[in-house]
Amino acid sequence: MYDNRLMYTVFFKPWDNPEKIHWYCEDHYNQAKSFDEKEKLAFLEYYSDSRKREWLPEKHLKLYYQYAKK
């Protein structure tokens, strides 16, 4: 049996690893995008405390400053 949903795939790049592309059927794209956005907001909120940011690896520190500006 063939699933027609596979014909309509959508991609997005997660905020914390933009080099990686995720593909989803239209049904699950919104769920994945919503979860990704919640993760980003939780990350930004947690590391808004400068004392906690001291322990971040350089890659994540750059991500923090990139998204905290927006």
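These are my notes from looking through a predicted model of one protein chain.

**Overall layout**

I started with the elements. I found 3 helices and 2 strands in the chain, and from the N terminus on they run β-β-α-α-α. Next I checked burial: of the 70 residues, 21% count as buried. Then I looked at how far contacts reach along the sequence. Among contacts between residues at least 6 apart, 21% join residues at least 24 apart.

**H1 against H3**

I wanted to know at what angle H1 and H3 pack. Helix H1 covers residues 26-46 and helix H3 covers residues 58-68; I get an angle of about 100 degrees, with the axes 10 Å apart. Angles of 65 to 115 degrees count as roughly perpendicular, so that is what I call H1 and H3.

Which residues meet there? From H1 I listed Lys 40, Phe 43 and Leu 44, and from H3 His 60, Tyr 64, Tyr 67 and Ala 68. I sorted the residues of this contact into 5 nonpolar, 1 polar and 1 charged.

**Lys 40 and its partner**

Lys 40 came up again when I turned to salt bridges, as it forms one with Glu 37, the closest N and O atoms being 3.5 Å apart. The two sit 3 residues apart in helix H1, so about one helical turn separates them. I then asked how accessible each partner is. Lys 40 is buried, with a relative accessible area of 16%, while Glu 37 is at 35% and therefore counts as partly exposed.

**The other salt bridges**

I counted 3 salt bridges in the structure. One of them joins the side chains of Asp 49 and Arg 51, at 3.1 Å from N to O. Arg 51 is at 60% relative accessibility, so I put it down as exposed.

Another pairs Lys 62 with Glu 58, where the closest N and O atoms are 3.3 Å apart. These two are 4 residues apart in helix H3, which means about one helical turn lies between them. Both Lys 62 and Glu 58 are exposed.

**Asp 36**

I stopped at Asp 36, which is found in helix H1. Asp 36 is buried yet has no salt bridge. How far away is the nearest side chain of opposite charge? I get 5.1 Å, to Lys 33; a salt bridge needs the nitrogen within 4 Å of a carboxyl oxygen. Leaving aside neighbours within four places in sequence, I noted Phe 12, Pro 14 and Trp 15 in contact with Asp 36.

Notes:
Residues are numbered from 1 along each chain as its sequence is written. This is a predicted model: local features need pLDDT of at least 70, side-chain atom pairs count only at pLDDT 80 or more; totals for chains, interfaces and linings use all residues. Side-chain values use heavy atoms; hydrogens and water are left out. Axes are lines fitted to C-alpha atoms, for helices over the stretch in contact, and angles run from 0 to 180 degrees between N-to-C directions. Angles under 35 degrees count as roughly parallel, over 145 as roughly antiparallel, 65 to 115 as roughly perpendicular and the rest as oblique. Contact means heavy atoms within 4.5 Å. Ala, Val, Leu, Ile, Met, Phe, Trp, Tyr, Cys and Pro count as nonpolar, Asp, Glu, Lys and Arg as charged, and the others, Gly among them, as polar. Buried means under 20% relative accessible area, exposed over 50%, partly exposed in between (1.4 Å probe, protein chains only). Lys and Arg count as positive and Asp and Glu as negative; His and the chain ends are not counted.
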